[in-house]
Amino acid sequence: MGAAPSTPRGGARPQDAAENLMAAFVGEKPYPLSSDFWNQLLELPLTLQWPQDRVLQACQLFAQHNYHTNHLAKILIHLAWCLQDLISTSSGSATAYRKSVNAAYISSVFLKFIIENVKGANFEELHLNLDKDEKRQCNFPTDQSIEVFIIRGMLSFVGSSDVSPRSCLLHHELLNLMLVAMSTQLCSGPSPGPKDVHPFIDAAMLQESAVVASTVRKLLLNFITRPRFPFDGSTYPFSPEGNQSGVLQRVGSVAANFVLLPYYTFNYLLSSSSAGARSPLAEKSLLVLLVLVHYRKCLVVKSLTDNNMGDVDSTTYLRESSSFYENPYCKALENARDIQFDRVDIEGNAHNGPLVRLPFASLFDTLGLCLSDETSVLLLYSLVLGNSDFLEYVLVRTDLDTLSVLMARRLITHFAGQLMPILETLYNASRRTSNQIYMLLIILLILSQDSSFNASIHKLMLPSVPWYEERLLHHTSLGSLMVIVLIRTVKYNLSKLRDIYLHTNCLAILANMAPHVHRLSAYASQRLVSLFDMLSRKYTKLAELKTDKVIKVSADQMEGVSLTEDMSPEIHIYTDFLRIVLEILNAILTYALPRNPEVVYAILHRQELFQPFKNHPRFNELLENIYTVLDFFNSRMDMQHMDGEWSVDKVLQVIIINSRSWHGDGMKMFTQLKFTYEQESHPEEFFIPYVWRLVLAQGFNFSPHAINLLPVELSGDDALSGEQGEQSV
């Protein structure tokens, strides 16, 4: 098995040569970087397949011998050299591409096995080192770590090389290798610690700004353009000639314990059965970008030996006293600029290094088309939260008052087309994960912090909403639709998820919108009043349960007190929710009553809902305003001499006419509610596991026994299926 490989002689079967070379690669004899062995190994054809059990056997042998052969480091270095050659030449040869693909694929299989089976916390089993003499003989930079050299080679190629039918397979394999290399995170705990070691992703954080910027730009362009290339064996440059067998097509039996690797990736990449809009290369690009952007390298500010530590828990102390190195990929995403709007930074913000320039319009369009995918939602969240230029782009496109009439008409359709997918996804909340719903609500909350956004959405009229099934919505404003969908989300959450934070986010968005509401539709107005009804029923039920428990105190005092105390927080929460809804209604009546006759009608129609809370200490001052409005319009209706019964149209006519004489006399002015979104102090504890859950859910196989980052369901299989990857964090 350790015998030196030799070039097959004339007539020798290529598969025999492949077996000899792969046997040597996993064997115990080390081959120098300068050996011709590496060229022979990497120049083999690309289409050999073999059984999974023999793959495992080969990986075990490789891991056993790699500590003194250093073959993992060497094949990765050869990959970096191949990529350098491709970058330096205007059009790489078929051989250069084949060598690069082989190196990337073979490396990813053996690297993943070692990561999955690592024993120490520092991943020393990777043995990413060479002796100084071998480095000097090959002109390898002695002052540079192997992982930094390798990552620079991969990122430089990805960032500088266009995706084409010729290079698409190599791009795909490099992105897959990047995910494998960064999967060391799966072996660590959910809270990044100062002792965590992740050789490859840490190396990625050390790259020059030009490499970082070009990588972020290309990954986003891959997401935007969504390249897909049909496979044509007659034109693909890697196709074996005639009936020649390839290195990744079948396995022989030179040695009983020698195996080769199954090459299934190409079929996945170019599958013709996938959905029309799917692009595996775009999906891989986005996953790599999200892993890079949300990574945090931890450092500790203080020492645990401080005299004032006392009995503080060490884990809590480390969490609270930790800080993080700046992530250059996150910074590059936050500083990305619109390629079509190259303005001077009037705020004087300094931007060091190259800027990422992108077509924001195309990026926004693509995000709108892909919001059913959680990775796209997370990217949109990251952009809206972190990139002020992108957020401004979104908001300016909704500020119709600043645009010409012609441009406004064009952008009405454009922006409605972008916000509608968010609302449709929320409408279908039962088919989405809770994290996906959270992200979209936070995006809407951030947008609702802008007054021009809140005003403009009520000027965007929708001819129809085909996906809304409860009733026909014709000529409804986008703002009315937002109110309807948000209240529907609260109702769904109340009956299914029962998540307090989801309630809070929905109500916060509605509160931000309230002062700017304009001509809210009849249905939206009815739903707004029904929201108070829905929450008041929940509040009343909790209050009755609390009263029942208090009555039982005499029978079992301790038990009664305990139950009452347990229930009090939930009652307080729903008290706050009801108060927010009353403040929403107050804001509309105080600042926009003449523009919202349907809201006045809905309150008049259901005015009995407010009576039980008229003397409640938390609600009475807010209800005073509502009753001032009710008294005003009830008196105006009493003054009318009607022949026959009141109809909806007649009541509305009275409201519209008398709204003109409404001056708000007797109304108390309350400070407007203004909700803003702020990330929690340690967002990495959510986002790092969440990103890797998305990676696993999209088909990245990793042994569940090796995963410490997030909870997974263990099964008899070593591979983690996509369904298992979707377990909640």
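Guide: Contact, or touching, means heavy atoms within 4.5 Å. The model is predicted: local features need pLDDT of at least 70, side-chain atom pairs count only at pLDDT 80 or more, and totals for chains, interfaces and linings use all residues. Residues are numbered from 1 along each chain as its sequence is written, and side-chain values use heavy atoms, with hydrogens and water left out.

Visitor: Which residues does Ala 511 touch, not counting residues up to four places away in sequence?
Guide: Ala 511 is found in helix H22 (residues 500-513). Leaving out residues up to four places away in sequence, the residues that Ala 511 touches are Ile 584, Leu 673 and Phe 675.

Visitor: Why does Ala 511 count as buried?
Guide: Buried means under 20% relative accessible area, exposed over 50% and partly exposed in between (1.4 Å probe, protein chains only). Ala 511 counts as buried because its relative accessibility is 5%.

Visitor: How many helices and strands does the chain have?
Guide: Helices (H or I, at least four residues) and strands (E, at least two) are DSSP runs, numbered from the N terminus. On that basis the chain has 29 helices and six strands.

Visitor: What percentage of the contacts between residues at least 6 apart in sequence join residues at least 24 apart?
Guide: The chain has 729 residues, of which 53% count as buried. Among its contacts between residues at least 6 apart in sequence, the share that joins residues at least 24 apart is 77%.

Visitor: What space lies in the largest cavity?
Guide: A cavity is a set of points on a 1 Å grid over the protein atoms alone where a 1.4 Å probe fits but cannot get out; its lining residues have an atom within 4 Å of a point. Grid points are joined across faces, edges and corners, and a volume is the space filled by probe spheres set on the points. The structure holds six cavities of 30 Å³ or more, and the space in the largest is about 130 Å³.

Visitor: Which helix gives the largest share of that cavity's lining?
Guide: Fifteen residues line the largest cavity, with Glu 583, Ala 587, Phe 670, Thr 671 and Gln 672 closest to its centre. The lining has nine nonpolar residues (Ala, Val, Leu, Ile, Met, Phe, Trp, Tyr, Cys and Pro), two charged (from Asp, Glu, Lys and Arg) and four polar (from the others, Gly among them). The largest share of it, six residues, comes from helix H24 (residues 557-591).

Visitor: How far does helix H7 reach from its first C-alpha to its last?
Guide: The expected span of a helix is 1.5 Å times one less than its number of residues. For the 15 residues of H7 (residues 146-160) that gives 21 Å, and the reach in the model is close to it, at 21 Å.

Visitor: Which helices do the buried residues of H7 pack against?
Guide: H7 is mostly covered, with twelve of its 15 residues buried. Among them are Phe 149, Met 154 and Phe 157. The buried residues pack against helices H4, H5, H8, H9, H10 and H14.

Visitor: Just after H28, what positive phi does Gly 699 take?
Guide: H28 (residues 684-697) has end C-alpha atoms 19 Å apart, which agrees with the 20 Å its 14 residues should span. Eleven of its 14 residues are buried, including Trp 692 and Arg 693. Just after H28, the positive phi of Gly 699 is about 100 degrees.

Methods:
On a 1 Å grid over the protein atoms alone, a cavity is a set of points where a 1.4 Å probe fits but cannot get out, and a pocket is an open set with protein on both sides within 12 Å along at least five of seven lines; lining residues have an atom within 4 Å of a point.
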